[in-house]
Amino acid sequence: MKTEFSLAQLADPDIAEADKILRACVHCGFCTATCPTYVLLGDELDSPRGRIYLIKEMLEKDKPPTKEVVKHIDRCLSCLACMTTCPSGVNYMHLVDQARVRIERDFSRPLPERALRAILAWVLPRPKLFRAGMILARLGRPFAALLPTPKAAATPSLSRRIKAMLALAPTRLPAPGPQGGSVFPAIGERRARVALLQGCAQQVLAPRINQAAINLLTRHGVEVVLVKDEQCCGALTHHLGRDDDALARARANVTVWQREAEQGGLDAILMTTSGCGTVVKDYGFMLREDREFAAPAAQISALAKDITEYLGGIDLAPSTQQGDVTIAYHSACSLQHGQKITLLPKELLSKSGFVVKDVPESHLCCGSAGTYNILQPDIASRLRDRKVANIATVKPDMIAAGNIGCMVQIAGGTSVPVVHTIELLDWATGGPKPELRGRGLN
Ligand code: SF4
Ligand code: SF4
């Protein structure tokens with residue numbers, strides 16, 4: 001794609017990067033076939049190619065984005081299916097990330113929307129506040145019916161979004177799990193030492209996931225550290241275009257993980273939430289212009305691994321499973337498109353004795369996508385219903401996924417229990433059977 005940036009514009013490293021990405025696009029349109037919003041809405045401007053044109057124009061003109069541009073960029077899930085499909089290697093992720101920052105900086109959203117985004121950006125990355133928010137949402141749930149029910153609109157109304165938020169709140173919250181600063185020694189001879197990202201929403205909604213990872217890792221000779229003063233990885237605010245917040249969190253995490261690596265040694269930094277893993281693996285890029293942090297951030301990104309990626313290099317204990325539990329494996333977009341981890345989780349589950357079924361249209365997002373299911377509830381619900389219908393065709397006993405956002409989203413539409421892949425692997429190698437939860441993970 002031909003671009004028309006001025007030399008002055010190209011002096012900005014972000015614009016130079018955008019220029020490189022845009023020039024790689026040959027507008028073939030292959031990506032449209034796998035883009036969930038194009039598949040649902042059929043509008044070229046809701047396809048990757050359409051969005052790439054909109055972003056190109058916005059950046060070249062260097063003017064505040066129009067309402068129309070914002071509408072179509074906001075509808076993008078950042079699922080990155082387009083990157084998997086693109087034959088030219090267009091890095092849509094870095095382009096849309098930049099577009100979101102530009103929109104956040106230069107576009108004045110209506111006050112209620114600004115307020116909602118500010119609340120999400122403040123509450124979600126802070127587990128104590130998030131927990132309080134979930135309790136309030138649970139109390140507010142019976143009153144959701146009193147809110148007006150507007151028709152589906154191009155930009156969903158505030159009441160529609162609040163309803164979506166209330167619907168996602170669980171009816172009960174588990175007790176908090178172990179805190180930062182905890183160390184779980186290896187059982188038997190220590191073969192490795194890893195940090196396990198605590199996650200922000202996950203540690204409130206499902207601390208059992210990291211507990212299963214700790215159980216399994218320590219049982220296999222790996223010492224696990226929950227690093228003190230670790231923060232939210234920054235994914236949530238990054239996807240809201242609030243880069244100052246996301247970069248501050250990235251720097252803070254690089255600092256504490258580097259400290260831990262120097263003091264106790266770290267063979268890897270593991271994630272049980274693939275949405276976080278995709279962003280931590282991108283810290284090196286996000287901080288590339290930061291003289292102080294560029295090199296350490298790249299080192300931290302190199303240490304970051306999804307839990308299944310790490311377990312792929314370990315001989316797991318013989319399975320206790322007899323092959324009579326059928327699992328529908330839901331491949332989270334951040335894992336399959338963001339980190340290109342596709343076969344490994346299924347192989348680990350199969351080797352552990354589960355009957356693993358692929359879900360039809362597995363490349364399509366479930367609609368969770370960070371805060372997307374709150375900000376774009378109508379598209380998100382349609383994607384969830386489609387995902388749940390596809391899952392039902394394989395008649396599973398359970399659904400497995402590697403990302404808490406997907407787990408909550410899918411559980412909201414089915415009574416089939418939804419578990420994390422690591423819970424199944426822990427169970428198969430000597431851990432407890434996961435508590436089976438259906439709708440809403442409750
Ligand atoms: S598939 Fe790649 S090269 Fe083709 S239009 Fe989409 S982004 Fe551009
Ligand atoms: S990230 Fe997903 S929703 Fe956004 S353009 Fe690419 S395929 Fe479409």
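Predicted model: local features only at pLDDT ≥ 70, side-chain atom pairs only at ≥ 80, totals over all residues.

Author: Residues are numbered from 1 along each chain as its sequence is written, chains are lettered from A and ligands numbered from 1 in the order in which they are written, and side-chain values use heavy atoms, with hydrogens and water left out.

Reader: Into which domains is the protein chain divided?

Author: The bounds are taken from an automatic or database domain assignment. On that basis the protein chain is split into domain 1 (7–106), domain 2 (111–168), domain 3 (183–311) and domain 4 (326–441).

Reader: What is the volume of the largest cavity?

Author: On a 1 Å grid over the protein atoms alone, a cavity is a set of points where a 1.4 Å probe fits but cannot get out, whereas a pocket is an open set with protein on both sides within 12 Å along at least five of seven lines; lining residues have an atom within 4 Å of a point. Grid points are joined across faces, edges and corners, and a volume is the space filled by probe spheres set on the points. The structure holds four cavities of 30 Å³ or more, and the volume of the largest cavity is about 120 Å³.

Reader: Which residues lie nearest the centre of the largest cavity?

Author: By class, its lining has 12 nonpolar, three polar and one charged residues, where Ala, Val, Leu, Ile, Met, Phe, Trp, Tyr, Cys and Pro count as nonpolar, Asp, Glu, Lys and Arg as charged, and the others, Gly among them, as polar. Of the 16 lining residues, those nearest the centre of the largest cavity are Cys 25, Cys 31, Ile 52, Cys 86 and Val 90.

Reader: Which residues come nearest to ligand 1?

Author: Ligand 1 takes up the space of the largest cavity, a molecule being placed in a cavity or pocket if more than half of its atoms lie within 2 Å of its grid points. A residue is near a molecule if one of its heavy atoms lies within 4 Å of it. Of the 13 residues around ligand 1, those that come nearest are Cys 25, Cys 28, Gly 29, Cys 31 and Cys 86.

Reader: Which elements each supply at least two residues of the shell around ligand 2?

Author: The space taken by ligand 2 is the second largest cavity, with a volume of about 70 Å³. Among the 13 residues around ligand 2, Cys 35, Arg 51, Cys 76, Cys 79 and Cys 82 come nearest. Helices (H or I, at least four residues) are DSSP runs numbered from the N terminus, and those with at least two residues each in this shell are α3 (36–41), α4 (48–61) and α6 (81–85).

Reader: Which element gives the largest share of the lining of the second largest pocket?

Author: About 640 Å³ of space lies in the second largest pocket. Of its 30 lining residues, Pro 127, Gln 179, Gln 198, Gly 199 and Gln 203 are the closest to its centre. Two or more lining residues come from each of α9 (127–140), α11 (201–205) and α12 (207–219), and the largest share, four residues, is that of α12.
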